Amino acid sequence: MDLMYIHILLLGLIISFSVIAAVNTRIIKAAILLAFISLLTTLVLFLLKMPLAAIFELSVCAGLITVIFISVISLTNPLTREERAEEKTKMFKRVVFLPVIVLVCGAAFYMLEKSVDFIPVVSDAVSVSAETGMWNTRQIDLAGQIIIILTGVFGVIALFKDNKDDGGGK
Amino acid sequence: MSYESLVLFKLYLITAPLLFVVGIYAVITTRNIIAMIIGLEIMTKGVTILLAAAGYFNGKPQLVEPLIITMIVVEVVILMISAGYIINIVKKHNSLDVSNINKLKG
């Protein structure tokens, strides 16, 4: 029963942080809140007996993605005073509407799930390790991951290529 | 135990779509391109939690783990490309507002 309260606490914190991140006008704060959301997701994954995915979530989502976000924010111009004032007036509207939307959608999902009669089979002991599953049954996934990473690398190279014909080069 | 896990299962089934809704709201109510990407990340978190819950409550978390890892890899690559695009857009238009980006001309 205690474990259930931990699940409820973690999920509640994830929802609260995501609502605050969605309505925040300061992008840097939203990025840091996103890192906290990733941290809480890591804890949820540990509780759901997925340690490998949890480590990935912690190192990549809470670490790398936050670093990328902060680098992008520091490389771009901050908002001007007028833009910030305009954003703040919009923020009040968002602060009012988003909790209402969350409550209405939560109630709607609750009503929809009243008819769920699936009896969960919670795994106590994992018979096949995730590593074995990954290397033996998910080879296509691995090939896909390699292709996606290469796509990302070549995409970034193409985006940052110094195009001298365009007048952008020095 | 089974009643408790059913309650937990339903809790996850409510939380994950809620996170997706919050992410969609964050994407459609802002014109700042970085805030849009943050909304997209929140949506991805919802999908991650739903996948993890599906694996755990079916008794086969080891089959879902590689899928979550693949999703994280895709997420990072999308973010990398988006970051490149954002920096190029800011260089060209000097603004993060998507309404200023109305020219597809190279």
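1. What share of the contacts in chain B with a separation of 6 or more is accounted for by residues 24 or more positions apart? The share is 48%, where two residues are in contact if their C-beta atoms, placed from the backbone, lie within 7 Å. In chain A, 55% of the contacts between residues at least 6 apart in sequence join residues at least 24 apart.

2. On the basis of the model: this is a predicted model, in which local features need pLDDT of at least 70 and side-chain atom pairs count only at pLDDT 80 or more, while totals for chains, interfaces and linings use all residues. Residues are numbered from 1 along each chain as its sequence is written, and chains are lettered from A and ligands numbered from 1 in the order in which they are written.

3. On secondary structure: chain A has six helices and zero strands, whereas chain B comes to three helices and zero strands, with helices (H or I, at least four residues) and strands (E, at least two) taken as DSSP runs numbered from the N terminus. Read along the sequence, chain B follows the pattern α-α-α, and the elements of chain A run α-α-α-α-α-α from the N terminus on.

4. On the overall form of chain B: its radius of gyration, taken over C-alpha atoms, is 18 Å, while a compact globule of 106 residues would have a value near 13 Å; the globule rule behind that comparison is 2.2 Å times the number of residues to the power 0.38. Along the principal axes, the C-alpha atoms of chain B fill a box of roughly 60 × 25 × 15 Å.

5. On burial: of the 106 residues of chain B, 47% count as buried, and buried residues make up 24% of the 170 residues in chain A. A residue is buried if 20 or more other C-beta atoms lie within 10 Å of its own, exposed if 12 or fewer, and partly exposed in between, with C-beta atoms placed from the backbone.

6. On the interface: the contact between the chains takes 68 residues from chain A and 62 residues from chain B. On the side of chain B that touches chain A, α1 (2–28), α2 (33–57) and α3 each supply at least two residues, and α3(B) gives the most, with 23 residues. By class, this side of chain B divides into 41 nonpolar, 15 polar and six charged residues, where Ala, Val, Leu, Ile, Met, Phe, Trp, Tyr, Cys and Pro count as nonpolar, Asp, Glu, Lys and Arg as charged, and the others, Gly among them, as polar.

7. Residues making the contact include Phe56(A), Val60(A) and Leu64(A) of α3(A), and Ile72(B), Val76(B) and Leu79(B) of α3(B). The contact of α3(A) with α3(B) has 19 nonpolar, no polar and two charged residues.

8. On two helices of chain B: the 25 residues of α2(B) should span 36 Å at 1.5 Å a residue, and the end C-alpha atoms, 37 Å apart, agree with this. For α3(B), the 33 residues should span 48 Å, and the end C-alpha atoms are 46 Å apart, which again agrees; the expected span is 1.5 Å times one less than the number of residues. In α2(B), 20 of the 25 residues are buried, leaving the helix mostly covered.

9. On individual buried positions: Val44(A), in helix α2 of chain A, is buried, with 25 other C-beta atoms within 10 Å. Leaving aside neighbours within four places in sequence, Val44(A) is in contact with Leu10(A), Ile49(B) and Ala52(B). Met36(B), in helix α2 of chain B, is buried with 20 other C-beta atoms within 10 Å, and touches Val27(B) and Thr30(B), not counting residues up to four places away in sequence.

10. On backbone angles: Lys49(A), in the loop between α2 (27–47) and α3 of chain A, has a positive phi near 60 degrees and is buried.
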